[in-house]
Amino acid sequence: MTSRGYTTEEGNRLNNFAIEPTMYVDETPKTGFTQHAEQLNGRLAMIGFISLLALEVLTGQGLIGWLTSL
């Protein structure tokens, strides 16, 4: 690959349409007690808390009261 913005194929044919991007692999762990897992857990907890507040405002009952009235 040359630095002029085009590549040549194996038969020395000009290929100015397919300049491949630089690839990288992110090898940081995404499981366990990592920063990513803790952020995801916190965001899901906030969504659940707001959902419970919205349920109580809309139905006038808490979660347990609403489930027992079904």
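1. Leu-67 is partly exposed, at a relative accessible area of 45%; the class lies between buried (under 20% relative accessible area) and exposed (over 50%), with a 1.4 Å probe and protein chains only. Leu-67 sits in helix H2.

2. The model is predicted: local features need pLDDT of at least 70 and side-chain atom pairs count only at pLDDT 80 or more, while totals for chains, interfaces and linings use all residues. Residues are numbered from 1 along each chain as its sequence is written, and side-chain values use heavy atoms, with hydrogens and water left out.

3. Mean pLDDT (the predictor's confidence in each residue, from 0 to 100) is 82 for the protein chain, with 83% of its residues at 70 or more.

4. Two strands and two helices make up the elements of the protein chain, in the order β-β-α-α along the sequence. Both kinds are DSSP runs numbered from the N terminus: helices are H or I of at least four residues, strands E of at least two.

5. Leu-67 belongs to a nonpolar surface patch of about 600 Å², together with Leu-52, Leu-63, Ile-64, Trp-66 and Leu-70. Patch residues have over 30% relative accessible area and no salt bridge, and nonpolar side chains are joined within 5 Å; a salt bridge is a Lys or Arg side-chain nitrogen within 4 Å of an Asp or Glu carboxyl oxygen. Helix H2 (residues 63-68) contributes the most, four residues.

6. Of the 70 residues in the protein chain, 6% count as buried. The chain exposes about 6600 Å², 61% of it from carbon and sulfur atoms, by the Shrake-Rupley method with a 1.4 Å probe.

Terms used. Patch = residues over 30% accessible without salt bridge, like charges linked within 9 Å, V, L, I, M, F, W, Y side chains within 5 Å.
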